[in-house]
Structure formats: structure tokens, C-alpha cells
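Welcome! Take a moment to look over the model below, and then we can walk through a few of its features together.

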Amino acid sequence: MRPETIQVLKDALSRADDVVSLGPASPENIQRAKEAGFPQELIEFYADHEPDPHKHCAELEQRIWCVASALQENADAVPGIGVFPHGYVVFASTTSGHAYCIDTNVSAPDGRHPIVLFPRDSIDEYTELPYIEASRVEVASSLDNFLLKFAAGTLVERPHYPER
């Protein structure tokens with residue numbers, strides 16, 4: 001994560017109506033995220049800049065989940081329960097509940113993964129992989145790029161609903 005990206009994010013959050021601080025995640029939460037299979041760039045983000053766990057997320061026009069909420073989104077909520085087993089890690093959402101995920105199936109030469117959006121209301125634990133893949137909308141080339149778009153309010157929020 002580039003320091004200038006974190007500064008842009010912090011500046012945007014400081015102007016929000018409900019100011020949320022970013023700080024280091026607890027060692028226990030980092031361990032839980034690692035054990036769950038969160039990708040390295042997300043672990044590194046949480047290690048120094050986790051949204052306040054007491055508020056559950058950092059919110060502007062979308063939400064970035066704290067570790068505990070991200071774990072819950074991937075294990076117990078839709079669409080995370082449907083996409084996580086296929087390599088998509090939910091870490092943020094729209095205010096409507098559509099999920100932003102790190103796509104661990106695709107990796108740039110430097111190890112970064114793109115960020116994709118999935119609809120909350122058409123994917124669950126029974127959804128077949130071809131439908132999940134057809135629903136995938138790439139919204140950022142990396143977590144760094146996602147955070148800049150989050151701070152600027154320019155993230156795509158409209159999911160794709162393919163024919164069934």
C-alpha cells in the first residue's frame with residue numbers, strides 16, 4: 001500500500017459525517033484473517049489501517065469492513081458465503097449490500113489482485129460457479145486503486161445480473 005494512498009483515504013475519512021479512525025488490527029484479528037485465507041495485501045492493509053472495529057466499518061459512499069466484519073461477510077452473509085469458496089474475499093460493500101471482493105484467482109506480476117463487485121441478492125452458497133463468474137464486475141485494478149476510488153467517491157456500485 002502506497003503511503004500517499006493511505007493519506008488520501010485518511011483525509012477523505014476525516015471529512016466524513018461519522019469520522020472513523022484507521023489503526024493497527026489486533027494480532028489476534030490478523031491471525032484470524034490469515035487463517036481464513038485473506039490475501040497478503042489485505043492482511044498488510046489491516047495490519048496498519050483497519051477501520052475501527054467498534055464501528056465495524058469505514059463508510060463514505062461505500063463501506064470498508066473491519067477484520068471481524070469481513071470474516072462474517074465471507075462466512076455468514078450473501079454473497080460472501082457463495083463467492084468466498086471460489087477465491088473471492090469480501091472486504092467492502094456498497095450501502096445496498098453488494099460486495100467488493102479481492103479476486104485471488106487473478107494476480108498481476110507484482111502479486112496484486114483486482115477488486116470485483118458481486119450482487120448481494122442473486123448469489124448464495126448454492127450458486128454455481130459459472131453464474132458467479134458471469135456476475136463478476138471488475139471495479140479496480142488493485143486494493144490500492146480501490147482505496148483511491150473509495151476516497152474519491154468514484155467506485156462502480158452497480159452489479160451485473162447475468163441471465164440464468
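## Two backbone details

Helices (H or I, at least four residues) and strands (E, at least two) are DSSP runs, numbered from the N terminus. The phi of His-56 is near 75°, a positive value in a residue other than glycine. The peptide bond from Val-78 to Pro-79 is cis, with omega near 5°, and Pro-79 belongs to the loop between helix H4 (67-76) and helix H5 (80-83). For background, most residues other than glycine have a negative phi, and most peptide bonds are trans.

## About the model

This is a predicted model, where local features need pLDDT of at least 70, side-chain atom pairs count only at pLDDT 80 or more, and totals for chains, interfaces and linings use all residues. Residues are numbered from 1 along each chain as its sequence is written, and side-chain values use heavy atoms, leaving out hydrogens and water.

## A helix pair

The axes of helix H2 (residues 27-36) and H3 come within 10 Å and cross at roughly 170°. Axes here are lines fitted to C-alpha atoms, for helices over the stretch in contact, with angles from 0 to 180 degrees between N-to-C directions. H2 and H3 are therefore roughly antiparallel to each other (angles over 145 degrees).

Where do H2 and H3 meet? Ile-30, Ala-33 and Lys-34 in H2 meet Ile-43, Tyr-46 and Ala-47 in H3 (contact means heavy atoms within 4.5 Å). This contact of H2 with H3 has five nonpolar, no polar and one charged residues; Ala, Val, Leu, Ile, Met, Phe, Trp, Tyr, Cys and Pro count as nonpolar, Asp, Glu, Lys and Arg as charged, and the others, Gly among them, as polar.

## Aromatic pairs

The count comes to five aromatic pairs (rings of Phe, Tyr and Trp, the last by its six-membered ring, with centres within 6.5 Å). Tyr-88 and Phe-118 form an edge-to-face pair, 4.8 Å centre to centre with 75° between the planes (edge-to-face means planes over 60 degrees apart). Tyr-88 lies in strand S5 (residues 88-94) and Phe-118 in strand S7 (residues 115-118), so the pair ties together parts that are 30 residues apart in sequence.

Key:
Parallel < 35°, antiparallel > 145°, perpendicular 65-115°, else oblique. Phe/Tyr/Trp six-rings, centres within 6.5 Å; stacked < 30°, edge-to-face > 60°.
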